[in-house]
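Good morning, colleagues. May I ask you to look at the sequence and the model on the screen while I take you through a few of its contacts.

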Amino acid sequence: MAKTNPIEVQRALKGAAYPADKNALVDRAKQNHANSGLVHQLEELPSKQFNGPNDVEKAIFRS
C-alpha cells in the first residue's frame, strides 16, 4: 500500500466541519472518495475531538 501524504489527507477531509470526531472525519473521507488505506488510518485514530486538519495530520503522521 502506498504511503499517505498530507495532500491526500487535505483532499479527503475537504469540507469537514471542525471540531470533529474521528467518525465524522471517516464519513467525510468516504464522501470525498478517499482511498481505503487513508480511510483505515482515520478509523485507527484515537477517539477525540480534532480542532482542524493540522490536528488530524499530526495524529496520522506521528508514527
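**Salt bridge and helix packing**

The model before you is predicted, and the count of salt bridges in it comes to one. Which residue pairs with D55 in that salt bridge? The partner is K48, and the closest N and O atoms of the two lie 3.8 Å apart. D55 is partly exposed, at a relative accessible area of 21%. K48 is partly exposed as well, with a value of 39%.

Let me turn to helix 4, which spans residues 53-61. Its buried residues are V56, E57, A59 and I60. Viewed down the helix axis, these buried residues fall within an arc of 160°, so they line one face of helix 4. On the other side of the helix, N54 and K58 are exposed. What do the buried residues of helix 4 pack against? Their partners are helix 1 (6-12), helix 2 (22-31), helix 3 (36-43) and strand 2 (49-50).

I come now to a pair of helices. Two packed helices are described by the distance between their axes and by the angle between those axes. For helix 2 and helix 3, the axes come within 9 Å and cross at roughly 170°. Helix 2 is therefore roughly antiparallel to helix 3. On the helix 2 side, the contact involves K22, L25, V26, A29 and K30, which meet V39, L42 and E43 of helix 3.

Thank you for your attention.

Key: Residues numbered from 1 in each chain as written. Predicted model: local features only at pLDDT ≥ 70, side-chain atom pairs only at ≥ 80, totals over all residues. Heavy atoms only, no water. Salt bridge = Lys/Arg side-chain N within 4 Å of Asp/Glu carboxyl O. Buried < 20%, exposed > 50% of the residue type's maximum accessible area, 1.4 Å probe, protein only. Helix = DSSP H or I, 4+ residues; strand = E, 2+ residues; numbered from the N terminus. Arc of directions from axis to C-beta. Contact = heavy atoms within 4.5 Å. Axes fitted to C-alpha atoms, helices over the stretch in contact; angles between N-to-C directions. Parallel < 35°, antiparallel > 145°, perpendicular 65-115°, else oblique.
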